[in-house]
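Student: I would like a close look at one part of this structure. Please take me through it step by step.

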Amino acid sequence: MRRALGRSRGKKPRGRAGRPPLRPHAGTPRPGAAPRFRSIELVTADAIAVITLNRPEARNAINLEVVNELHAALDRLARDGTTRALILTGAGKAAFASGADIRELRERRAADALRGINSSLFLEVERFPLPTIAAVNGYALGGGCELALSCDLRIAAESARFGQPEVGLGIIPAAGATYRLPRIVGAGRARELILTGRIIDADEALQIGLVNRVVPDDRVLEEARSTALLIARKGPLALRAAKLALQASLYGTDPGHDAERLAQAILFESDDKREGTTAFLEGRPPRFTGR
């Protein structure tokens, strides 16, 4: 079964002076209503959801409409009990996401920064209950790189390019790069990338651990799907518990240890644990139910 939601025709919400209102969730549909998207596409097949940033004419730059639609899509998927993994990618070959929309960014003020328009979205991606994979094609710069960093795994096309060039605009990467990038590539490399704004290719990204693997351009989405399907065959409860334990471990050994024990105690009482161990002993694939 395959479900898709794409662009619909309609006017963008406008605020004062004809500008889009700078507030998260501005276009979120009412509860129970199926969201209709203009700047992203959402397709679900074989328990794998694929969200595509669909602004190829703007190199998939992340504007307020993209932010609002991603919030709506994530909310819908989090409540959908059939989805097992999520892939994020960009339309076309030029870019995964070239960064924030500079025209909107130029107009944002201190109150907008404090509101965390992009950072709150990327935190939602990081805390999304299902495993997430960034399938990076072309440029992933600024907010685009930060979006990839918020995913659990990153698979890069050979053409992929990564960078945090914000200092060249007189600002800093403030949607997660200053703390996620050091965790992933180490403090020294993160300082270099952020302070110089240098853009690196896929091979260097693999070398420093920024991405999990590099594949030919025409195979990046296929590789992401294969990885997602491999994940989707595992126990749904175990996957959610593993994500929570991994997130807790970022705060230190003690929180990670406590989270592991708590998660394992819950899983030991689950139907999935009994089914998984029984299937192994009987030499057959497990039939997980998520209970």
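How many residues of the lining of the largest cavity are nonpolar, polar and charged?

Tutor: The lining of the largest cavity has six nonpolar, two polar and no charged residues. Here Ala, Val, Leu, Ile, Met, Phe, Trp, Tyr, Cys and Pro count as nonpolar, Asp, Glu, Lys and Arg as charged, and the others, Gly among them, as polar. This is a predicted model, where local features need pLDDT of at least 70, side-chain atom pairs count only at pLDDT 80 or more, and totals for chains, interfaces and linings use all residues. Residues are numbered from 1 along each chain as its sequence is written, and side-chain values use heavy atoms, with hydrogens and water left out.

Now the cavity itself. On a 1 Å grid over the protein atoms alone, a cavity is a set of points where a 1.4 Å probe fits but cannot get out; lining residues have an atom within 4 Å of a point. Grid points are joined across faces, edges and corners, and a volume is the space filled by probe spheres set on the points. A search of the whole structure finds one cavity of 30 Å³ or more. The volume of the largest cavity is about 30 Å³.

Next, find its lining. Look for Cys-145, Phe-162, Gly-163 and Gln-164.

Last, confidence. pLDDT is the predictor's confidence in each residue, from 0 to 100. The chain has a mean pLDDT of 86, with 88% of its residues at 70 or more. Residues 5–33 have pLDDT below 50. Beyond near neighbours in sequence, that stretch has 55 contacts (heavy atoms within 4.5 Å) in the model. Where pLDDT is low, the predicted coordinates should not be read in detail.

Terms used
On a 1 Å grid over the protein atoms alone, a cavity is a set of points where a 1.4 Å probe fits but cannot get out, and a pocket is an open set with protein on both sides within 12 Å along at least five of seven lines; lining residues have an atom within 4 Å of a point.
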